[in-house]
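This report goes through a structure in parts, moving between single residues, elements and whole chains. Please keep the sequence and the model open alongside the text.

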Amino acid sequence: MKERLEALRTEALAMLEQVQDVQQLNDLRVKYLGKKGALTEILRGMGSLSAEERPVIGQVANVVRDSIEARLQELQEAFIREETERKLQAETIDVTLPGRPMARGSVHPLSKVTQELEDIFIGMGYQVAEGPEVEQDYYNFEALNLPKDHPARDMQDSFYITEELLMRTQTSPVQVRTMELMNGKPVKVVCPGRVYRRDDDDATHSFMFHQIEGLVIDRNIRMSDLKGTLLQFVKEMFGSHMQIRLRPSFFPFTEPSVEVDVTCVQCKGNGCRMCKQTGWLEILGCGMVHPKVLEMGGYDPEQYSGFAFGMGIERIALLKYGIDDIRHFYTNDVRFLQQFDRM
Amino acid sequence: MNVSYQWLSQYIDVSGVSADELAERITRAGIEIDVVQNRNQGLDHIVVGYVVSREKHPDADKLNVCKVDVGAEEHLQIVCGAANVDAGQHVPVAQIGAVMPGGMKIKRAKLRGVESQGMICSAKELGLNDKLLPKHMQEGILVLPSDLTIGTSIADVLDLNDHVMEFDLTPNRSDCLSMIGAAYEVGAILNRPVTLPTISVEEIGEAASEKIRVNISADHACSLYTARYVKGVKVGQSPLWLQNRLLAAGVRPINNIVDVTNFVMLEYGQPLHAFDAAQIAGSSIDVRMAREGETLVTLDGQERKLEPHMLVIADAEKAIALAGVMGGENSEVTEATVDIVLESAKFDGGIVRKTSRQLGLRSEASLRFEKSVNLEHVVPAIDRAAELIRTIAGGAVANGVVQQQVGAHERKVVRLSLEKTNRMLGTSLTAADVQSILERLVFDVKTVEEGVFEVTVPSRRGDITLDVDLIEEVARLFGYDNIPTTPIEGATTPGSLTKSQRVRRAIRRLLTDGGLHEALTYSFTHPEETKLFPALAGNAKPVALAMPMSEDRSVLRTSLIPSLLDVATHNRNRKQEDVHLFEMSSLYLTEESELTKQPEEKLVLAVLLTGNRQQAQWNVKPEAVDFFDLKGIVDSVVSYLGLSGRVRYEANRPVGYHPGRSASLYLKTNDGEQLLGTLGQIHPDLQRSKDLADTFVAELEIEALVAQADFTIEYKTLPRFPSVERDLAIVMDRQAEMGRILDQAAAAAESWLESIRVFDVYTGDRIASDKKSVAISLVYRHPERTFTDEEITEIHGRVIAAIEAEGAELRK
């Protein structure tokens, strides 16, 4: 019996080596190890064995079964592996083909810069105020210490609609309106918006452009606070390496008046063509609010003081992105706009 | 103002400070100098030569062969092509080795076989601005005065070893429209004293008042008028030194009389005028307003119609000059002039400004009067001019200045507190610091009590009237960079955006995330364009600019759509055919035909779609945008602002649109509803004229959305009981509106309806041609239990009845 078992094993293992697929494998399992399989058949003869022989043969039968089963298992796993492999092969795609694009638009660069500027100042505790673009002469000029016939009105030729109404030439009238609104209370606002000046359009000029102005009024506002504010702003906007440089200037609505240069954003101050080798770029005008402007806005200049600053948003955007022509902002070529579809 | 470094050094010691360094320091103290021009662009080896002889070139008609004495042992032989070269002239000679301002190197050369050992130069070749020179000096070689020493360096002769600093003056600093003013500024910066010219006029016994009388009739327009009388002048060319000064300042030399008046104007900032005394009728001058209908031919030959608001200088009969603006031809100094009357005055800036603007006559003189001249310089300037004319043009100066003054002149006194100075600047300056800075400016400073000064401001600084003006002077000379940097003290304030600003940011984010590009376009447009899409403008009229720069930009827009269409056309012309844009800007609306108050500025959102939804690629099919892309965007905006279910679309054919593919949009409010905007395909005619493919636009009022926008999010418990879904296929008239059926169905289902969705719309062969079939899916749910079949059948039955009541049939 032992011999038959051994023979069965030899035969079964030999047959298994011939197997081509899972089906044949299963057939052989049934044939040798099934309920009616060859092994069961042999073991049926166990009844005729002596009590001493039985456990011995039993032992041998177990070994035979285990070895066939182990081999069967091995082959089965191999077939599954092969099968999976084939399937994966068949499912393989070219991952280098382009993905299905998610629609992505872009914020206009001027809006992008405006939002950034607003956010910086909001973080510093400012409100964002807006005002009309068609403005009264009083708010655009007179309340800003620019009476009719003031020579400084030459500085900006304006688009008048009537004697008293014009397209605002600056966002400063919003400052005056804010002062009136606040009615003697402290003020801390930035005012972004469109402004208009009679200028022939070219690469650096546009009859319509955008400004953002800031105004702070309280007791004890100092010129040193203005410097501190601007330095913080410039570092947040352009990076912590930025420095500012102040130059005396003239605006009718501030005294003292200041022109502010910042470290050239292109060469970081080493001197390049953009900054005419000076290392500095002029980006904003500012100053301490003129006492006449405070008075007209309803503040006692002996009790209150304030500072104001203003800058051109186009100028900031041109510098920040290295844009070469201001007209791109208003032409809205999609190839231009698309470039601003990022953080 | 062009300030010559060399000329400046006549009034202040600038030794040890180069022109470039000085320019930098002036700039840092408040007057911007962008350009420092070196007047010597390469004049080594160029000297004064004397043309000993001139002969025709043997082989060239237009060339001359000259023998020139340059002070060397041998005369140079120079071939010269200029027609005006002649023997006996003093001329600039560039010798071998010279490198001309243009970069040309002078070498030994042969011209048509004749050796040439240098070049005789023209004014331009020396780097002079020849546009400022008289014609005879522009053409050919520059002929120099005959009293020059042969061999002298040309740079010395023409004062070209000099730098010119271009002062870019802000309107408040008209004091620096003069060399002396510039000297005071430099003096304050360098802390060095200013030396004024010493003037003593050599007069004859005859009194000027015998020769000329002056009177100011228009006493609101002229505060001081002075005149001097100079007899027997000889009008001619100015000496070289004077011409050189004027050229350095960029002023054209004309003749000795005019040149002196210009020189003194540049020196003192006081414009002067010279009249031919023989032409002054009645030997009297009156400063009066022009008379109605009066005319004057000005020096430029133009006849000017004068108006009563213009100030004139008149003799006994007629106007002879436009005060402060330009002289009259009838009293001009010519070569025949013998006696002259000099004028130096202070005219009202506003009147001069108005006249010069109205007549388009702006001159160096009017510029200075407009910004107000220094009253204290009126007399010194006329004295200086009289004495210079006497020495340069001959003549005898009559005794005395004839003058009339209106009112008294007092210097301004401004009180300044040290405490306020430091409080404004954030500095800790001492009284001595402040005093010393103000004294550098040659302001008279008196301490009236501790920490309080009384500062007497010289009349040249008309810009200083308040203590803050003095504080600025202190700050700029102390140095803005020396002011500390501090944070604002006191309570911090929270920053924030308004609701309107937040809504606009939300819309911007939603639309850009959805694939649209934000555009910004001009507010000005052509009047015709304002008629295209009038929905949001209503009856409003466009606001017109008084003086537009062009018809295309002559009115304020009343719709954003035409601007976006132009953007689409621009892109399409550049092969960018898929354009998806939006803009948020204002419309300007008024009911008035003559504006008396500010127009309404209405913020709107405009959207434009044209071309394909997305650029086609291997896994994206090219699909053209349609009305429903646009409507989907509008719906998203509405629902993003918490307003879904609050809008109604009505196909009421808004102007400008395709009548069958457009709608108006209404927003339901507490008291009814309001027009929110319009949307649709633009009219095919417009599409054609703008050269566009099918283009879809929408325009919505932002403030209406802002007013209603609701940012609250309220959580609803997730459903715990199952829903029931039923589909229906409805056949209805093609013209009928599905929106109405959906509304009715929803109403009939009451609160049990969770959602209703259109999942197919069919028109075609399988149904009648005037019908459409719409398939919808309805989801019903009870919040507290599971519906029974009977309940669902009952609810769904009501829905079907409601649909059928609208004239639709169920498709079986």
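Is Val85(B) buried or exposed?

## A loop residue in chain B

Val85(B) is buried, with a relative accessible area of 1%, where buried means under 20% relative accessible area, exposed over 50%, and partly exposed in between, for a 1.4 Å probe and protein chains only. The residue sits in the loop that runs between strand E5 (76-80) and strand E6 (90-95) of chain B; helices (H or I, at least four residues) and strands (E, at least two) are DSSP runs, numbered from the N terminus. Apart from neighbours within four places in sequence, Val85(B) is in contact with Val51(B), Arg54(B), Asn64(B), Cys66(B), Cys80(B), Ile120(B) and Ile141(B), contact being defined as heavy atoms within 4.5 Å. Ile285(B), which is 200 residues from Val85(B) in sequence, is 47 Å from Val85(B) in space, C-alpha to C-alpha.

## Basis of the model

This is a predicted model, in which local features need pLDDT of at least 70 and side-chain atom pairs count only at pLDDT 80 or more, while totals for chains, interfaces and linings use all residues. Residues are numbered from 1 along each chain as its sequence is written, chains are lettered from A and ligands numbered from 1 in the order in which they are written, and side-chain values use heavy atoms, with hydrogens and water left out.

## Domains and overall form

Chain A is divided into domain 1 (2-91) and domain 2 (109-340), with bounds that come from an automatic or database domain assignment, and the C-alpha centres of these two domains of chain A lie 90 Å apart. For chain B the assignment gives domain 1 (2-38 + 163-190), domain 2 (46-157), domain 3 (203-405), domain 4 (412-482), domain 5 (499-708) and domain 6 (724-810). The centres of domain 1 of chain B and domain 2 of chain B, taken over C-alpha atoms, are separated by 35 Å.

Chain B contains 21 helices and 39 strands. Its radius of gyration is 42 Å, well over the 28 Å that the globule rule gives for 812 residues, so chain B is more spread out than a compact globule; the radius is taken over C-alpha atoms, and the rule is 2.2 Å times the number of residues to the power 0.38. Along the principal axes, the C-alpha atoms of chain B fill a box of roughly 130 × 85 × 60 Å. Of the 812 residues of chain B, 52% count as buried, and among its contacts between residues at least 6 apart in sequence, 70% join residues at least 24 apart.

## A sheet in chain A

In chain A, seven strands form an open sheet with mixed pairing, in the order E1-E4-E5-E9-E8-E7-E6, two strands being paired if DSSP finds at least two bridges between them. Strand E1 (127-128) and strand E6 (244-251) of chain A are the edge strands, each pairing on one side only. E1(A) pairs in the parallel sense, over two bridges, with strand E4 (residues 187-196) of chain A, and Gln127(A) stands opposite Val189(A) in E4(A).

Helix H2 (residues 19-28) of chain B has Ala19(B), Leu22(B), Ala23(B), Ile26(B) and Thr27(B) buried. Seen down the axis of H2(B), its buried residues fall within an arc of 135 degrees, so they line one face of the helix, the arc being that of the directions from the helix axis to the C-beta atoms. The cover over these buried residues includes E6 of chain A together with helix H1 (5-8), strand E2 (32-38), strand E10 (163-168) and H5 of chain B. H2(B) is followed by Gly30(B), whose phi is positive, near 125 degrees.

## Two further buried residues

Ala398(B), in strand E22 (residues 396-399) of chain B, is buried with a relative accessible area of 0%, and the residues that Ala398(B) touches include Glu203(B), Ile204(B), Arg228(B) and Tyr229(B). Ser366(B), in helix H10 (residues 364-370) of chain B, is buried with a relative accessible area of 1%.
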